[in-house]
Amino acid sequence: MSLFGLFSMCATFVCLFLGIIVFNFNRKSRLNRIFLLATVATFIYSFSTVMMWSAGNPIDANFWNKVGTIWPFFVALVLNFALIFTENEWIKNKYNYLVLYLPAVAFFLIDLLSYQINKPPIMKYWGYNDIPSGTWIYAVSTIWSAVLPVLAFALCIRYYLKTKDASDRQRRKLITIGFGIPVVTFIVTNIASRSFNLDIPNMGILSTLFLGGFVGYAISRFDLFTFDAALAAENIISTMPDSIILTDTNKKMLQVNGRLINYTGYIKEELIGQPITKLFEENQKEKCSKFFEQLKTKRVIRNQEITIKTKINDKKQVLLSGSDVKSKTGRVIGNVLVIHDITELKQIEERLVKAERLASIGELAGQIGHDLRNPLAGIKNAVYLLERKNDRLTEEKRKESLAVIADAVEDANRIVTSLIEYSSEFNPEPQKCTPKILVENALAKIKIPDRLTFRNEVADETQIWVDKTLMENVLISIIKNALEAIPDIGVIQTRSVQKNGSVEISVSDSGTGIPQNVLPNIFTPLVTTKAKGMGLSLAICKRMVESHGGKITVSTLEGKGSTFTVVLPIKGLENKLAPETSGYMV
């Protein structure tokens, strides 16, 4: 065997060994299986070619030449690999395999059973080598065996140029070069040279060393062939009770489990290959983007509440968790997302809150009885005076008795109104306004004593979507509490600031502050520092704010004053806006 033949033989074994390694990375991956078959076909063709070169007589050379008639399958497998590697849609149709492999079968049988493509080998200076038949069948087979590898090379180049991700681009470049060198060498030294009657040995066999080098580097550096989305999802997520999504680094869905399909109503084909944002409403897509941005730095995020939509546009409250999928070398190659449905849990929580609220009404009964006795006693005494001593009462005393009745009725009405508000459901009707308008409308319904200074520093430029009536009532209650918290001269100040898609409206007073033993339960019903009242106003305020998707907090220093802060999302109720309420309303 010549030195050239020896090197070529080594190249065939390197190619086969590489195919076995790739196959063992992931035996169920279609890409890995096709790569193995391509390297096996390359090995058989290359080995038989080298043995033909080294044959001692024409009979042995012809035998090895017939063994090498497997070459059409190598050509077809090269294109098959390129189609799978580049994720081409054409290969997903199983009938297209007939178009790909039927010519290969035909050329294989023709070359094996006749000399219509290649004539018996003759001695060249490097050894025995087959010669072209010159028939039309040879011409057709030559064109076919040249077009398919060139097409495969072109697909790889196009696939390389499409990506913008740096690491993915480098990976695709290595594979394109690794396959391109043997393909180009095979076409030049085996097809073109024979067509022009040039005595050049088939250098494509030796060039498979470049294939091994480039693909081997891609495996070690970029984990090529080591990750297959379908296989990973098949073994991990198929039996999970929660919805599971496997995405690539571009946030496209690679695999989903049956739970997600049943949950959303989509079929699998409608989700695979689509961006993850397909499952989210427009007003949730920004939240989804922030989730992935945080995932890049935190690597793991658990139980972030978000709303997804089904195929029929039903809204589902879920907890979204995610983590990176890493290769053996630690490179991020995708993400696993877990969607846990909490729609029913939310409904149960709402029912529990309502049940607790109704239960607290029973607790309120004793308090109501006690509080109503005072105004009822006042009414009873005033009525008694008017009935028994009417003729002897002066006009001033009669007016005092009527004023007592009026005050008692107002107190009783306040108690009943508070109870009704606390037990009622709030259904905000959104309107567009500004924090300053809310504060000014609330102040218009409150009389500020002359002893107090009121400073309104609320901004007017931020527009928010809220139920004006509910939010004005919240501010009225907070400001009234501030008035009652200042026994003498003092200051009340309102401010607003925009932060992270929300508006914070704060009301500060220079009053006595809230005792530390009361502060933790300040928004709980029946908790109050006042001698008069049931402690429902702040509990009602909390429910009103939360119905807007916001929150209310308080900070205090005893003897220095308190600050109540209402946090409202700017677009919290925008999606509930009815068409006829659009526009700026004051």
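User: What counts as a helix or a strand here?

Analyst: Helices (H or I, at least four residues) and strands (E, at least two) are DSSP runs, numbered from the N terminus. This is a predicted model, in which local features need pLDDT of at least 70 and side-chain atom pairs count only at pLDDT 80 or more, whereas totals for chains, interfaces and linings use all residues. Residues are numbered from 1 along each chain as its sequence is written, and side-chain values use heavy atoms, without hydrogens and water.

User: Which strands does helix H12 lie across?

Analyst: Helix H12, residues 282-298, lies across E3, E5, strand E6 (315-326) and E7, with contact meaning heavy atoms within 4.5 Å. H12 runs at about 165 degrees to E5; axes are lines fitted to C-alpha atoms, for helices over the stretch in contact, and angles run from 0 to 180 degrees between N-to-C directions.

User: And what is the strand order in the open sheet of 5 strands?

Analyst: The order is E4-E3-E7-E6-E5, with antiparallel pairing; two strands pair if DSSP finds at least two bridges between them. Strand E4 (253-256) and strand E5 (300-309) are the edges, each pairing on one side only. On average, neighbouring strands of this sheet are turned by 30 degrees against each other, direction ignored.

User: How many bridges pair E3 with E7?

Analyst: Strand E3 (residues 243-247) and strand E7 (residues 332-341) pair over 5 bridges in the antiparallel sense. Within that pairing, Leu-246 has Val-336 of E7 as its bridge partner.

User: Changing topic, which residues touch the most other members in the largest nonpolar core?

Analyst: Phe-81 and Trp-144 do, in a core of 48 residues. Such a core is a set of buried Ala, Val, Leu, Ile, Met, Phe, Trp, Tyr and Cys residues joined through side-chain atoms within 4.5 Å, where buried means under 20% relative accessible area (exposed is over 50%, partly exposed in between; 1.4 Å probe, protein chains only). H4 gives the most to this core, with 12 residues. A second, separate core has 40 residues, among them Leu-470, Ile-478, Ile-492 and Val-554.

User: At what angle do the axes of H4 and H5 cross?

Analyst: They cross at roughly 165 degrees and come within 8 Å. H4 and H5 are therefore roughly antiparallel to each other, the term for angles over 145 degrees, while those under 35 count as roughly parallel, 65 to 115 as roughly perpendicular and the rest as oblique. Residues making the contact include Trp-71 and Phe-73 of H4 and Tyr-97 and Phe-108 of H5.

User: How far apart are the axes of H4 and H6?

Analyst: The axes of H4 and H6 are 9 Å apart, and the helices pack at an angle of about 20 degrees. H4 and H6 are therefore roughly parallel to each other. Among the residues that meet there are Val-75 and Leu-79 in H4 and Trp-144 and Leu-148 in H6.

User: Which residues are buried in H15?

Analyst: In helix H15 (residues 435-443), they are Pro-435, Ile-437, Leu-438, Val-439 and Ala-442. Their cover includes strand E9 (452-457), helix H16 (468-485), strand E11 (490-499) and strand E12 (502-509).

User: Do E9 and E11 run parallel or antiparallel?

Analyst: E9 and E11 run parallel, joined by 6 bridges, and Asn-456 is partnered with Thr-494 in E11. E11 and E12, in contrast, pair in the antiparallel sense over 8 bridges, with Ser-508 in E12 as the bridge partner of Gln-493.

User: What phi does Asn-500 take in the hairpin of E11 and E12?

Analyst: Asn-500 takes a positive phi near 50 degrees, in a hairpin with 2 residues between the strands.
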